[in-house]
Amino acid sequence: MPNRTPSKEPKRILILGGTAEAAALAHRLARDTPDTIVTTSLAGRLSVPPDLPGIVRVGGFGGLGGLIDFLRLARINRVIDATHPFAATISAHAALACAELEIPLEHIDRGMWRKQPGDRWHWADDMAMAARIATRFRRVFLTVGSVELAPFARKGGPFYLVRVIEEPRHPLGFRHYVLVLGRGPLVLAEEMTLLKNFAIDLLVSKASGGPATEAKIEAARKLKIPVLLVKRPPPPIV
Ligand code: NAP
């Protein structure tokens, strides 16, 4: 039997959150490891933060230095990066801060959707490229999130059906558009109705993966509508 002295130091985990995976993890840890002190950090992109167990902090840390200071002050001894696959800056900061402080870092990798027969997928390297490609279509369903809309609005051109999670605080700048509010988990029948009612001829999405928003991809497959996927940013190199 290994002779290990039990550490008196309590486990203090920081979950970098803002995703369904992070919320599920916070609930699981609260249920299964009640002695662990769990803090979830949210960027604060939504006006009402989700109801999570444990400690919840909201807003940026103030860059890499701020995150290092936070980890030290809160005496965090494990970090779980459960952020969105496109949240590249905070993931890079987490990797650098944990390397600096020698704190174990775990990354929850969200699997990409699997291409299936009938899928008509096209790829864009970034939002600017996706916005250029979108101008070749007439009626575009834009599901890239509220912070990525500017390149599409600037280009003008097609009619856009724009879906965001909550009412935008500023005018979006599109010439022809309809705004719909919605968030995962998406429902296949509702996604098909939207695509049909608005006679959509292109769906634009980040290559986010995950089950919560897969219904839009499935709906496009069933209706033979092309999907333009914006590639994920590369993972951080430390
Ligand atoms: P980002 O580019 O990785 O982060 C930008 C800054 O936001 C970070 O440097 C950090 O500020 C703060 N931040 C991000 N996540 C944080 C967290 N969990 N806790 C505390 N601070 C956090 O990410 P983003 O600007 O939020 O979004 C980039 C892309 O990811 C967008 O396409 C967005 O739609 C998508 N996305 C992000 C989230 C999210 O929760 N972040 C959720 C869904 C989708 P400081 O440098 O000041 O620490």
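Here are some numbered notes on the structure above, a predicted model of a protein chain with a ligand.

1. **Ground rules.** Residues are numbered from 1 along each chain as its sequence is written, and side-chain values use heavy atoms, with hydrogens and water left out. In this predicted model, local features need pLDDT of at least 70 and side-chain atom pairs count only at pLDDT 80 or more, while totals for chains, interfaces and linings use all residues.

2. **The chain as a whole.** Start with the inventory: the protein chain has 7 helices and 11 strands. Both are DSSP runs numbered from the N terminus (helices are H or I, at least four residues; strands are E, at least two). The C-alpha trace spans about 65 × 35 × 30 Å along its principal axes. Of the 238 residues, 41% count as buried; buried means under 20% relative accessible area, exposed means over 50%, and partly exposed is in between (1.4 Å probe, protein chains only).

3. **Surface and contacts.** The chain exposes about 13,500 Å², with carbon and sulfur atoms supplying 54% of it. Areas like this come from the Shrake-Rupley method with a 1.4 Å probe, and for residues only the protein chains shown count as cover. Now look at contacts (heavy atoms within 4.5 Å). Among those in the chain with a separation of 6 or more, 64% are between residues 24 or more positions apart.

4. **Polar atoms at the ligand.** An oxygen atom of the ligand is 2.8 Å from an N or O atom in the side chain of Arg-45. The backbone takes part too: a ligand nitrogen is 3.3 Å from a polar backbone atom of Gly-17, and a ligand oxygen is 3.4 Å from a polar backbone atom of Ala-88. Taken alone the ligand exposes 810 Å², and the protein buries 80% of that.

5. **The nonpolar cores.** A nonpolar core is a set of buried Ala, Val, Leu, Ile, Met, Phe, Trp, Tyr and Cys residues joined through side-chain atoms within 4.5 Å. In the largest one, with 22 residues, Leu-142, Leu-149, Phe-152, Tyr-160, Phe-174 and Val-204 touch the most other members. Several elements give two or more residues to this core, including β7 (139-143) and β10 (202-206), but α4 gives the most, with 5. A second, separate core of 18 residues includes Trp-121, Phe-141, Phe-159 and Ile-225.

6. **Glu-191.** Is Glu-191 buried or exposed? Glu-191 is buried, because its relative accessible area is 3%. You'll find Glu-191 in helix α6 (residues 188-197). Not counting residues up to four places away in sequence, Glu-191 touches Phe-141, Arg-163, Leu-186, Ala-215, Lys-216 and Ala-219.

7. Arg-110 is in the loop between β5 (105-107) and β6 (121-124) and is buried, at 16% relative accessible area. Its side chain makes a polar contact with the side chain of Glu-21 (2.6 Å). A polar contact is a pair of N or O atoms within 3.5 Å; within protein, one must be able to donate a hydrogen and the other to accept it, and residues adjacent in sequence count only if both atoms are side-chain atoms. Gly-210, in the loop between β10 and α7 (214-222), touches Arg-110, Gly-111 and Trp-113, leaving out residues up to four places away in sequence.

8. Most residues other than glycine have a negative phi, and most peptide bonds are trans. Arg-75 has a positive phi of about 50°, and Ala-199 has one of about 45°. Each sits in a loop: Arg-75 between α2 (63-73) and β4 (78-81), Ala-199 between α6 and β10. Also check the cis peptide bond joining Gly-184 and Pro-185, with omega about 0°.
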